[in-house]
Amino acid sequence: QNFIDMIKYKAQWYDKKCIQISKVFPSSKLCSECGYKKEDLTLTIREWTCPKCGKHHDRDLNAAINIKKEGERIFFSRK
């Protein structure tokens, strides 16, 4: 059993929803403020500033915000 299956099992156990986003979703590359996609972002870059809106991002925090937004988008589009 893999990690995703365990998460889905626990979600079902506690009567919660588990929303899985695409593996290729560019969570780190998208500006969580305006949606600009920074194509040249490499794994060594830990912080970046959006050239479109000027928002400064911590790579991991920005990715977490984008993952949450994408999960909510998928969840609410199913209703």
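Visitor: I'm starting with Cys-31. Is it buried or exposed?
Guide: Cys-31 is buried, with a relative accessible area of 2%. Buried means under 20% relative accessible area, exposed means over 50%, and partly exposed is anything in between, using a 1.4 Å probe and protein chains only. This is a predicted model, in which local features need pLDDT of at least 70 and side-chain atom pairs count only at pLDDT 80 or more, while totals for chains, interfaces and linings use all residues. Residues are numbered from 1 along each chain as its sequence is written, and side-chain values use heavy atoms, with hydrogens and water left out.

Visitor: Where in the chain is Cys-31?
Guide: Cys-31 sits in the loop between H1 and S1. Those labels come from DSSP runs numbered from the N terminus: helices are H or I runs of at least four residues, and strands are E runs of at least two.

Visitor: And which residues is Cys-31 in contact with?
Guide: Leaving aside neighbours within four places in sequence, Cys-31 is in contact with Tyr-36, Trp-48, Cys-50, Cys-53, Lys-55, His-57, Asn-62 and Asn-66. Contact here means heavy atoms within 4.5 Å.

Visitor: I spot cysteines in that list. How many disulfides does the structure hold?
Guide: It holds zero disulfides; a disulfide is a pair of cysteine sulfur atoms within 2.5 Å. Cys-31 is in none, and the nearest cysteine sulfur, that of Cys-53, is 3.6 Å away. In general, a disulfide is a covalent bond between the sulfur atoms of two cysteines.

Visitor: Why don't Cys-53 and Cys-31 have a bond?
Guide: Because their sulfurs are 3.6 Å apart, which is too far for a bond. Cys-53 is partly exposed, with a relative accessible area of 37%.

Visitor: Changing topic: how many salt bridges are there?
Guide: The structure holds five. A salt bridge is a side-chain nitrogen of Lys or Arg within 4 Å of a carboxyl oxygen of Asp or Glu.

Visitor: What does Arg-46 form a salt bridge with?
Guide: Its partner is Asp-60, with the closest N and O atoms 3.0 Å apart. That pair links distant parts of the chain: Arg-46 is in the loop between helix H1 (3–13) and strand S1 (47–49), Asp-60 is in helix H2 (residues 59–77), and they are 14 residues apart. Arg-46 counts as partly exposed, at 40% relative accessibility.

Visitor: What about Glu-72, which residue is its partner?
Guide: Glu-72 pairs with Lys-68, the closest N and O atoms being 2.9 Å apart. Both lie in helix H2, four residues apart, about one turn of the helix. An α-helix has 3.6 residues a turn, so residues three or four places apart point the same way. Glu-72 is partly exposed at 35% relative accessibility, whereas Lys-68 is exposed at 54%.

Visitor: What backbone oxygen does the side chain of Arg-59 reach?
Guide: One is that of Thr-42, at 2.8 Å. The backbone oxygen of Ile-45 lies 3.2 Å from a polar atom of the Arg-59 side chain. These are polar contacts (N or O atoms within 3.5 Å; within protein, one must be able to donate a hydrogen and the other to accept it, and residues adjacent in sequence count only if both atoms are side-chain atoms).

Visitor: Last topic! How many aromatic pairs are there?
Guide: There are two. Rings of Phe, Tyr and Trp (its six-membered ring) pair if their centres lie within 6.5 Å; planes under 30 degrees apart count as stacked, over 60 as edge-to-face and the rest as tilted. Tyr-9 and Trp-13 have ring centres 6.0 Å apart and planes at 40 degrees, so that pair is tilted. They are four residues apart in helix H1, about one helical turn. Phe-75 and Phe-76 form an edge-to-face pair, 4.9 Å centre to centre with 80 degrees between the planes.
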